[in-house]
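Here's a quick briefing on what sits around the two ligands. Have a look at the model, then read on.

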Amino acid sequence: MRSLCFHHKPGLSRLFGVCVLAVLMASTSGCSDTEVPPPDPAEARPGGDATTSIIPFPALDKVTPNLPDDERPQFYAGRALAHQPWVKAPTITDARDGLGPIYNARGCLACHIRGGKSRMPDDSETPLFGPLVRMSVVLDDAAAMTAAANSHAGVIPDPVYGDQLQTQSIALLHQLRQASPVAIAEQQQVAPEAYAYVKWHEQAFVYPDGRQITLRKPELDLRYVAYGAFDTNTRFSLRNAPPIHGMGLLELIPQADLEALADPDDADGDGISGRQNRVWDARSQRWQAGRFGHKANRSNMDMIVASAFANDIGISNPLFPFQPCTEQQPLCQKQRNGNNSQGLELPDNLLRLVTNFTRNLGVPTRRNVDNADVRKGRPFFYTSGCAACHQPGYTTAASSAQPHLGNQRIWPYTDLLLHDMGPELADGRPDFAASGSEWRTAPLWGTGLMGQVNGSKQYLHDGRASSIEEAILWHGGEALAARQRFTHLSAAERRYLIQFVESL
Ligand code: HEC
Ligand code: HEC
């Protein structure tokens, strides 16, 4: 992470609240002013004019209030496509069929409930529904990194199961839950690939002041695996669905600002590097920087939404024209794939309606900004080094396509960069240029609202943390020093810091 001071790098004045990094690296940065940036009243509206009200209730699928009236019909058409359950083809209308043959859920908001996160089951007998399992073959880490970085898929998929486990299928026996995936496969019907469960393992964490807290870590438990063995070198990665608000604003953060924050070789020696993923973009047919997904493996809304349609719902589209089955799943491959002229299930105009919907989801207004404890917690966020990755603010670029989202001062608290988060969080599974231990800094705007939005108060890529405190305690690798600063605060100071994060 480079040190950025407004007066040293005037070109970066669009980034707010970064100068404080100097506190943590005073020896190397040359910035001597160690002040925590003064609170900015504009921060109460983290999405700028795209900030939504939490009255009468908080939700992360609310339209940005500044969307022009004449664009609202488009937004609501996209919203309908994101909300509706897709059905098996053929039906009388081809506007909402094409589900499967294998899939994870029938619609976007079945997983991103009210625009928020999905939910990891607390017990070991409830199958995963919104969270996903990704897979890929990793022979050895270096070879996998090279192969992943050079393939348009970003990973080497399992030869039989592909790169994502689909836990549902269109087979009637599955729909009625009358037979297990293995039994369905035996009856020569398209079977779900497996059912996925998690087993939780608890471990204690003891603070320097002696206070103890229990952390839990998930272990993946696959049952009724229907298409034979996985490759012996296949690795698995559990992913909770992140919230989807403010996506259009994140897309408009100037690329130069993110590049300026990256410090791949840790040239300033502060222990925090941060780099951009480099991913294939099927729309532009070019390699681009990655911003979206837990490993920043998608460049923009087109790519993340199109891949969600294809892999999560089984809806082929111009950017991901294939069903989610491999050649080793012939029954699945034989099912019909779309009836439009290109043989696709979702034409480009409908895909664009859904990307437009996700772009225009506003960001909830902050809560308790003037609360005394929240105000006390804010400086600890900076002095603990959280802002080194959870970069507070930006000004979005002007946009001819989405003028209302351009030139907004926003406060997402992320650098959208990949950071090595240490062995405890690692999944050992490279994705494009991201290594097996790198994750994208999670945006913190709206994070304190997750429980109220849909009951899913589960943090980190696999939902293992049930509170902000637990999430911080899992930080390792480049974030280890920040975690240690946090754990050495007094219990009251830690509480203030957490209350600040919950107010974002
Ligand atoms: C089965 C559950 C599921 C369904 C259905 C689903 N998603 Fe997701 N979504 C996820 C998960 C899990 C991730 C994180 C994926 C990863 O990083 O590996 C994600 C990531 C995203 C992101 C990236 C958010 C960020 O912070 O980078 C967006 C945007 C998104 N989904 C939109 C959609 C849309 C639109 C649809 C419908 C076309 C959809 N999703 C369908 C589970 C789902
Ligand atoms: C080196 C970079 C880095 C530093 C420093 C850092 N974080 Fe993070 N943070 C991340 C990354 C990367 C993730 C996502 C990890 C994952 O999903 O497994 C994350 C996730 C989180 C989450 C979970 C958000 C969610 O929605 O799941 C919270 C809360 C959080 N960080 C708070 C903090 C706080 C508070 C501090 C300071 C004590 C801090 N972080 C310091 C990089 C960092």
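Let's start with ligand 1: one of its nitrogen atoms is 3.1 Å from an N or O atom in the side chain of Asp312. Helix 10 (301-313) is among the elements that give two or more residues to the shell around this ligand, along with helix 4 (108-111), strand 3 (132-137) and helix 12 (348-359). Keep in mind that this is a predicted model.

**Ligand 1**
- The shell here counts 29 residues, and the closest are Cys108, Cys111, His112, Arg134 and Arg239.
- His112 has a polar side-chain atom 2.9 Å from a nitrogen atom of ligand 1.
- For Arg134, an N or O atom of the side chain is 2.7 Å from a ligand oxygen atom.
- Helix 10 is the top contributor to this shell, with seven residues.
- Sorted by class, you get 17 nonpolar, eight polar and four charged residues.

**Ligand 2**
- Around this one there are 24 residues, with Cys386, Cys389, His390, His461 and His475 the closest.
- The side chain of His475 has an N or O atom 2.8 Å from a nitrogen atom of ligand 2.

**Annotated domain**
- An unreviewed UniProt entry places "domain: Cytochrome c" at residues 372-504.
- That span is 32% helix and 8% strand, and its end C-alpha atoms lie 15 Å apart.

Key. Residues are numbered from 1 along each chain as its sequence is written. Chains are lettered from A and ligands numbered from 1 in the order in which they are written. This is a predicted model: local features need pLDDT of at least 70, side-chain atom pairs count only at pLDDT 80 or more; totals for chains, interfaces and linings use all residues. Side-chain values use heavy atoms; hydrogens and water are left out. UniProt positions are given in the numbering used here, feature names are shortened, and annotations may be inferred rather than shown by experiment. Helices (H or I, at least four residues) and strands (E, at least two) are DSSP runs, numbered from the N terminus. A residue is near a molecule or strand if one of its heavy atoms lies within 4 Å of it. A polar contact is a pair of N or O atoms within 3.5 Å; within protein, one must be able to donate a hydrogen and the other to accept it, and residues adjacent in sequence count only if both atoms are side-chain atoms. Ala, Val, Leu, Ile, Met, Phe, Trp, Tyr, Cys and Pro count as nonpolar, Asp, Glu, Lys and Arg as charged, and the others, Gly among them, as polar.
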